[in-house]
Amino acid sequence: RRLIERAGLSTDENYAREITLMDEAVRAEIYGGVLRDDYPQRDLGAFLRGHLEGREIPSPWNRLSYLELKTTMVDDFLNYVDRMGMAHSMELRVPFLDHQLVEFACTIPFKYKVQGDSTKHVLKKVAETVLPPRIVHRKKQPFFMPLSDWIRKDLRDYVRRTLSRERLEDQGYFNYAGVEP
């Protein structure tokens with residue numbers, strides 16, 4: 001269904017929809033007056049177009065990479081890494097984000113970065129010169145926090161208090177009927 005709905009959209013519009021946590025229907029259901037009244041002033045498409053303004057990036061893939069670098073990388077991934085490091089009293093580094101390396105990587109044509117279903121192709125070719133193939137070509141191992149388990153078990157009482165009808169109605173951010181546990 002989503003594929004059909006998005007078929008007529010531009011790459012940039014599809015990207016905006018992809019990084020949006022919830023669609024209009026969900027927002028209408030859960031947002032209370034405070035958020036609902038403020039929401040029309042927030043236009044993700046305009047925000048993304050602002051990053052592209054004055055830049056000639058004809059390739060859709062390079063445009064998406066640029067937007068990822070300017071938005072998701074900074075606002076989500078690096079923020080997460082920074083907070084996790086601070087939470088554990090660790091000084092973390094992200095060596096592949098050295099500004100000179102990033103600037104160089106942005107000059108590499110996209111066709112060399114992705115080949116078939118192999119991503120990070122150039123990086124893997126370089127890594128093959130110093131690392132064993134079992135390391136270079138192993139499957140990605142994402143880290144997921146067990147949020148649903150925490151919400152159902154350890155944080156259950158806290159979530160129920162936080163999402164109680166009285167509290168939600170008092171704050172005005174969310175509709176109780178939309179977020180009722």
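Let me begin with a pair of charged side chains, Arg152 and Asp149, which form a salt bridge in which the closest N and O atoms are 3.7 Å apart. Please keep in mind throughout that this is a predicted model. Arg152 and Asp149 both belong to helix α12, which covers residues 147-152, and they sit three residues apart, which is about one turn of the helix. Arg152 has a relative accessibility of 55%, and because the cut-off for exposed is over 50%, Arg152 counts as exposed. Asp149, at 34%, counts as partly exposed.

Let me turn to the aromatic rings. A pair of aromatic rings is described by the distance of the centres and the angle of the planes. A search of the whole structure finds two such pairs. In one of them, the ring centres of Tyr31 and Phe174 are 6.4 Å apart and the planes stand at 75°, so this pair is edge-to-face. The pair links distant parts of the chain, since Tyr31 lies in the loop between α3 and α4, while Phe174 lies in the loop between α14 and α15, 143 residues apart. Tyr31 counts as buried, at 16% relative accessibility, whereas Phe174 is partly exposed, at 33%. The other pair, Trp61 with Phe110, is stacked, with 5.7 Å from centre to centre and 10° between the planes. This pair, too, links distant parts of the chain, because Trp61 is in helix α6 (residues 60-70) and Phe110 is in helix α9 (residues 110-113), 49 residues apart.

Now to the nonpolar residues, where the general background is that in soluble globular proteins, nonpolar side chains tend to be buried together. Which residues make up the largest nonpolar core? It has eight residues in all, namely Tyr15, Ala16, Leu48, Leu52, Ile57, Leu64, Tyr66 and Leu67. Helices α2, α5 and α6 each supply at least two residues of this core, and the largest share, three residues, comes from α6. If we look at Leu48 and leave out residues up to four places away in sequence, Leu48 touches Tyr15, Ala16, Ile19, Leu67 and Thr71. Apart from this core lies another, of five residues, and among them are Ile30, Tyr31, Tyr176 and Val179.

I will finish with Thr72, which is placed in helix α7, residues 72-87. Is Thr72 buried or exposed? Its relative accessibility is 10%, and because buried means under 20%, Thr72 counts as buried. The side chain of Thr72 makes a polar contact with the side chain of Tyr15, at 3.1 Å, and Tyr15 is one of the residues of the largest nonpolar core. If we set aside its neighbours within four places in sequence, Thr72 is in contact with Tyr15, Ile19, Leu67 and Phe77.

Definitions and conventions. Residues numbered from 1 in each chain as written. Predicted model: local features only at pLDDT ≥ 70, side-chain atom pairs only at ≥ 80, totals over all residues. Heavy atoms only, no water. Helix = DSSP H or I, 4+ residues; strand = E, 2+ residues; numbered from the N terminus. Buried < 20%, exposed > 50% of the residue type's maximum accessible area, 1.4 Å probe, protein only. Polar contact = N/O pair within 3.5 Å; in protein donor to acceptor, adjacent residues only side chain to side chain. Contact = heavy atoms within 4.5 Å. Salt bridge = Lys/Arg side-chain N within 4 Å of Asp/Glu carboxyl O. Phe/Tyr/Trp six-rings, centres within 6.5 Å; stacked < 30°, edge-to-face > 60°. Core = buried A, V, L, I, M, F, W, Y, C linked by side-chain atoms within 4.5 Å.
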